[in-house]
Amino acid sequence: ATQPYDDANIFAKILAGDIPSTKVYEDEWAYAFEDINPQAEIHTLVIPKGKYVSWDDFSEHAAPDEIAGFVRAVGKVARDKGLVEPGYRLLANVGAHGGQEVAHFHVHIFGGQPLGPMIA
Ligand code: 5GP
């Protein structure tokens, strides 16, 4: 079972425009913005506009067009930032063991530097 979506989570407030964010990209399906505490030279977050708690929730419950739109948006953000040729990293933390802090599904994009084997 997936935990219920909490409309008071910080990314919901960012989506609603109630909390400011540095917007990178937006379309029908997704919103991308800069992480407030970057862990790499480039650290951008991409979130679906739908109310999904985590990757687990999104992968099970999102409609195919939502999934496709979101995946396309992640790829576009990385491409638009020039990350494809040097390379980059995607990360989605899930739940307590994954270290997920914000309960609105998000993908981290890291880049702009060699990242080494892993970011813990
Ligand atoms: P998680 O650990 O849930 O995968 O990652 C949450 C990320 O959201 C962290 O990298 C954190 O720096 C970022 N974050 C938390 N609060 C805010 C905020 O208010 N604005 C922005 N732009 N990023 C945030």
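This report walks through the fold of the protein, from its overall build to its sheet and one of its helices.

**Overall build**

Keep in mind that this is a predicted model. The protein has four helices and five strands, and reading from the N terminus the elements come in the order α-β-β-β-α-α-β-α-β. The C-alpha trace spans about 40 × 30 × 30 Å along its principal axes. A compact globule of 120 residues would have a radius of gyration near 14 Å, and the protein's own 14 Å agrees with that. Of the 120 residues, 27% are buried. If you take the contacts with a separation of 6 or more, 61% of them link residues 24 or more positions apart.

**The sheet**

What order do the five strands take in the sheet? They line up as β1-β2-β3-β5-β4, in an open sheet with antiparallel pairing. β1 and β4 sit at the edges with a single partner strand each, so one side of each has no neighbour in the sheet. From one strand to the next, the twist averages 20°.

Further in, β3 and β5 pair in the antiparallel sense over five bridges. To find this pairing in the structure, look for Ile-42, which stands opposite Gly-111 in β5.

| β1 | 23-26 |
| β2 | 30-34 |
| β4 | 89-91 |

Helix α3 covers residues 64-80 and lies across β1, β2, β3, β4 and β5, running at about 160° to β3. With 17 residues, α3 reaches 24 Å from its first C-alpha to its last, close to the 24 Å expected at 1.5 Å a residue.

Which residues of α3 are buried? They are Phe-70, Ala-73, Val-74, Val-77 and Ala-78. Looking down the axis of α3, these buried residues fall within an arc of 125°, so they line one face of the helix. What does that face meet? The buried residues of α3 pack against β1, β2, β3, β4 and β5.

Turn to the other side of α3 and you find exposed residues: Pro-64, Asp-65, Ala-68, Arg-79 and Asp-80. After α3 comes Gly-82, which has a positive phi, near 75°.

Note on methods
Residues numbered from 1 in each chain as written. Predicted model: local features only at pLDDT ≥ 70, side-chain atom pairs only at ≥ 80, totals over all residues. Pairing = 2+ DSSP bridges. Helix = DSSP H or I, 4+ residues; strand = E, 2+ residues; numbered from the N terminus. Axes fitted to C-alpha atoms, helices over the stretch in contact; angles between N-to-C directions. Contact = placed C-beta atoms within 7 Å. Rg over C-alpha atoms; globule rule 2.2 N^0.38 Å. Buried ≥ 20, exposed ≤ 12 C-beta atoms within 10 Å, placed from the backbone. Expected span 1.5 Å × (residues − 1). Arc of directions from axis to C-beta.
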